[in-house]
Amino acid sequence: MNVTIARLTMSTLFGHRRGLLLFILPAVLLVLCVLLALTVDDTADFSTALLQMFGLAVIVPLVSLLAATGALASEIDDGSIVYLLSKPIKRSTIIVTKALVAVAVIIVLAAVPMVIAGLILDFGDPQTALAFGAGTLVAGIAYTAIFTALSVMSGNAVTIGLIYALLWEGVMGQYVGGAKALSVQQWSLAVVQHLTDAPHVKSDVKLPIALILLVAVTLVGITLAISRLRSLVLSTAE
Amino acid sequence: MSDQLRPPAAGVIHDIGYRHYDGPRLGRFAITQALTVSSLRHAYGLGRSGKSKVMPILLLAVMVVPVAIMVGIENALQFDNPPLSQMRYIFFLQAVIALYLASQAPQLFSRDLRYGSIVLYLARPLRRTDYALAKLTALALALMVLMGLPMVILYAGALLAKFDFTLMTKEFLSGLVTALLLSILLAAIGGLIAAATPRRGFAVAAIIAVLIVSFTAVTVVTAILDPEGTHRDVASRYANLGSPFSLVEVLASFVLRGGGDWVPNTTQGLVFAAVYLLVVAGCCWGVNARYAKVARG
């Protein structure tokens with residue numbers, strides 16, 4: 001953890017109105033919840049479904065993607081990573097710092113909004129809201145590791161990350177049986193299921209397996225990112 | 001700035017003191033046309049590196065291959081009716097269209113800003129409005145190719161399978177109209193977001209976030225306001241204004257009097273048309289204003 005790198009990463013993420021998009025995503029979730037709470041009577045009925053299908057499946061991967069690639073990929077993309085790499089700082093410190101910044105952003109802009117959204121929809125059940133917050137956090141950590149590794153490995157990190165987040169996590173992770181076992185969304189849902197008694201939250205993966213896979217994906221992603229950053233070839237932009 | 005860019009008689013910036021060229025010069029129109037064509041080629045990676053061909057060609061293949069297989073099956077098994085209409089196909093594969101827009105709009109708009117080559121374009125007789133329009137047109141045409149190609153294949157397959165000619169032609173044409181409406185709207189939105197930032201990765205994420213989040217929000221709201229799927233509820237109808245895809249779907253069924261899940265009445269249709277025009281005009285104005293700012297430096 002290096003404070004200077006963390007500070008610079010924060011300013012890349014939020015400088016020049018760029019952070020606006022990061023705020024828009026949770027804002028859409030919250031506005032939607034407020035609108036529904038005002039217009040529909042029994043929001044508690046579909047609160048878990050909404051949190052899962054819109055929150056965990058769309059908002060969380062997108063916020064994570066923006067945070068993780070914004071912290072690392074954009075710097076590699078415009079070449080300014082050279083100035084960082086030429087300093088006597090361990091590559092592992094760089095990766096870990098940037099990943100931690102991304103996770104901090106996810107906590108503020110995805111996990112907290114999820115808890116608030118859960119409370120807006122169903123005020124009588126703070127346990128479920130908090131459970132979804134915790135699920136968001138573990139999913140966010142795993143996504144950060146995946147997208148950080150992707151940022152170092154490919155110049156098209158954002159596009160590839162989007163295809164993964166939308167097709168694999170969004171479509172396959174919800175509908176195709178085999179893909180469910182290998183989806184961050186289902187793993188985090190297992191955590192949510194463990195922490196809440198809400199009847200409709202059901203994951204296809206058992207909690208111990210989900211936890212092992214979450215930890216494994218996080219460790220592999222971060223290790224891969226560090227080892228790739230050690231031998232990073234700065235390609236010329238196409 | 002644009003006033004200074006009127007094609008001058010002599011001493012324009014590309015005359016750097018070598019032998020003079022006094023012959024006829026192609027004007028603004030020819031430059032705009034050339035820029036449109038080259039941008040359209042770039043949108044599919046033609047004339048660029050092999051790596052940048054991968055994504056557009058892959059997404060085009062995702063659009064075309066299922067249709068080709070379907071046409072093969074409907075001909076081999078001699079179906080009586082076509083398995084799906086052209087209009088449905090576009091909205092069925094909208095995630096692919098969104099990904100294409102997200103991956104290619106920044107290629108057309110952000111790169112010139114990031115590498116500063118926009119200055120060179122604007123130093124020519126080309127006006128900045130021409131530049132913006134050329135890029136937007138190229139993006140709309142590229143999207144049109146992406147959606148039109150599977151439609152042409154579906155149409156050709158339908159004719160080969162000897163389905164009803166008039167019906168098929170009508171369906172093909174309404175598919176094309178829908179695709180055109182969608183291309184223009186998506187190109188305007190994608191162009192505005194891509195032109196706003198020189199960072200490619202950021203533009204990609206921003207475009208996809210706008211398209212996917214708005215569409216998911218609309219789907220969720222519609223599902224909650226109208227749980228039985230009757231499309232009677234007025235509020236759930238107007239909820240479709242919230243995302244480009246659903247907006248075009250409704251607008252197309254208004255213009256073509258059918259094809260979508262429900263046909264809006266005249267007031268609703270006019271509201272959708274007005275919103276469509278406002279968004280397109282607003283985005284084009286935004287792109288132009290953005291380049292005005294770039295040109296001022």
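**Helix packing and burial**

Tutor: In α7(A), the residues A:V138, A:I141, A:A142, A:A145, A:I146, A:T148, A:A149, A:V152 and A:M153 meet A:L214, A:V217, A:T218, A:G221, A:I222, A:L224, A:A225, A:R228 and A:L229 of α11(A). Two residues are in contact if their C-beta atoms, placed from the backbone, lie within 7 Å. Helices (H or I, at least four residues) and strands (E, at least two) are DSSP runs, numbered from the N terminus. The residues of this contact divide into 14 nonpolar, three polar and one charged; Ala, Val, Leu, Ile, Met, Phe, Trp, Tyr, Cys and Pro count as nonpolar, Asp, Glu, Lys and Arg as charged, and the others, Gly among them, as polar.

The model is predicted: local features need pLDDT of at least 70 and side-chain atom pairs count only at pLDDT 80 or more, while totals for chains, interfaces and linings use all residues. Residues are numbered from 1 along each chain as its sequence is written, and chains are lettered from A and ligands numbered from 1 in the order in which they are written.

Student: At what angle do α7 and α11 of chain A pack?

Tutor: Two packed helices are described by the angle between their axes and the distance between the axes. Here α7 (residues 126-153) and α11 (residues 207-230) of chain A pack at about 25°, with their axes 8 Å apart; axes are lines fitted to C-alpha atoms, for helices over the stretch in contact, and angles run from 0 to 180 degrees between N-to-C directions. α7(A) is therefore roughly parallel to α11(A), a term for angles under 35 degrees, with over 145 being roughly antiparallel, 65 to 115 roughly perpendicular and the rest oblique. The crossing of α7(A) and α11(A) is left-handed, that is, the near helix is turned anticlockwise from the far one by less than a right angle, clockwise being right-handed.

Student: How many residues does each chain bring to the contact between chains A and B?

Tutor: Chain A brings 28 residues and chain B brings 25 residues. On the side of chain A that touches chain B, α2 (19-39), α3 (43-71), α4 (73-77) and α8 (157-175) each supply at least two residues. The most comes from α3(A), with nine residues.

Student: Which residues have the most contacts inside the largest nonpolar core?

Tutor: In soluble globular proteins, nonpolar side chains tend to be buried together. The largest nonpolar core has 164 residues, and A:V63, A:L162, B:L99, B:L139, B:I207 and B:I208 have the most contacts inside it. Such a core is a set of buried Ala, Val, Leu, Ile, Met, Phe, Trp, Tyr and Cys residues joined through C-beta atoms within 7 Å. Helix α8 (residues 200-225) of chain B gives the most to this core, with 17 residues. Beyond its neighbours within four places in sequence, B:L99 is in contact with A:L162, A:I163, B:L59 and B:I208.

Student: Is B:V287 buried or exposed?

Tutor: B:V287 is buried, because 26 other C-beta atoms lie within 10 Å; the cut-offs are 20 or more for buried, 12 or fewer for exposed, and partly exposed in between, with C-beta atoms placed from the backbone. B:V287 is in helix α11 (residues 266-296) of chain B. Residues up to four places away aside, B:V287 touches B:A132, B:L136, B:G191, B:L192 and B:A195.
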